[in-house]
Amino acid sequence: MLQDFSSATLAEARPGVVATERLTLRRPTLADVRTIAWLANDRRVAENTRRLPHPYSQDDAVAFVRATGALGSETVFLIEHDTGPVGMVGIDCSTPGNAELGYWLGVEHWGKGFATEAARGAIDFFFEEFEDEHLYAGARVTNPASRKVLEKCGFQWSGVQLHRFLALGSSTPVDCFRLSRGVWASLKSWSSARRMR
């Protein structure tokens, strides 16, 4: 899922808002803490994301929002539909040459196509703002819905690895995927995502 980016470069590259057909992707704020905690505090969500603890408290959400506001190697967006938060999507560039897409939705928002639409908006942002040739992602082998999202976005399966999941307290098999810039460019017509500053 790259180059080593300075904090200044990352701060300049982060847009205020990415808009898709039905969604708005924006930076999370402390005003979103209660909703983030409510959406994330579901074992079904936590067990399919590597870094979410369970239970997930408002204190966890505060720490998360503060961390996303600091200069760093991640670009994180709150996913909004009809002005209400439905989940999160982001790109982690902490390992040079290995940028990784991640996302999660509150359970009541599953099955509506929001994950695919949000992922496409974040992918467009990544390839438009960074020079990397590849973006990586993963899905638990027991999570076919997430695998389907990645495949709809053009990711190609690259193997299986064990990854540690905080909520599980153990490692579990993960299907690994890779999206090249060339494949993304050929599929770019998938949405009308646009950035607003």
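**Ground rules.** I noted that this is a predicted model, in which local features need pLDDT of at least 70 and side-chain atom pairs count only at pLDDT 80 or more, while totals for chains, interfaces and linings use all residues. Residues are numbered from 1 along each chain as its sequence is written, and side-chain values use heavy atoms, with hydrogens and water left out.

**Overall.** I found seven helices and nine strands in the protein chain; these are DSSP runs numbered from the N terminus, helices (H or I) having at least four residues and strands (E) at least two. Of its 197 residues, 47% count as buried. The chain exposes about 9600 Å², and carbon and sulfur atoms supply 50% of that area, computed by the Shrake-Rupley method with a 1.4 Å probe, where for residues only the protein chains shown count as cover.

**Cores.** I then looked for nonpolar cores, meaning sets of buried Ala, Val, Leu, Ile, Met, Phe, Trp, Tyr and Cys residues joined through side-chain atoms within 4.5 Å. The largest has 33 residues, of which Val89, Leu101, Ile123, Leu135 and Phe155 touch the most other members. Helix H5 (114-129) is one of the elements that each supply at least two residues of this core, and H5 gives the most, with nine. Apart from this core lies another, of 17 residues, among them Leu39, Ala40, Leu52 and Trp104.

**Helix H5.** Asp124 is found in H5 and is buried, with a relative accessible area of 2%. Its side chain is joined to that of Trp184 by a polar contact of 2.7 Å, a term for N or O atoms within 3.5 Å, where within protein one must be able to donate a hydrogen and the other to accept it, and residues adjacent in sequence count only if both atoms are side-chain atoms.

**Salt bridges.** I searched the whole structure and recorded twelve salt bridges, each a side-chain nitrogen of Lys or Arg within 4 Å of a carboxyl oxygen of Asp or Glu. In one, the closest N and O atoms of Arg22 and Glu117 are 2.7 Å apart; Arg22 lies in the loop between strand E1 (17-19) and E2, and Glu117 in helix H5, 95 residues apart. Arg22 is partly exposed at 35%, whereas Glu117 is buried at 13%.

Where does Arg181 come in? Its side chain meets that of Glu133 in a salt bridge (3.6 Å, N to O). Glu133 lies in the loop between H5 and E6 and Arg181 in helix H7 (residues 181-187), so the pair ties together parts that are 48 residues apart in sequence. Glu133 counts as partly exposed, at 47% relative accessibility.

Terms used
Buried means under 20% relative accessible area, exposed over 50%, partly exposed in between (1.4 Å probe, protein chains only).
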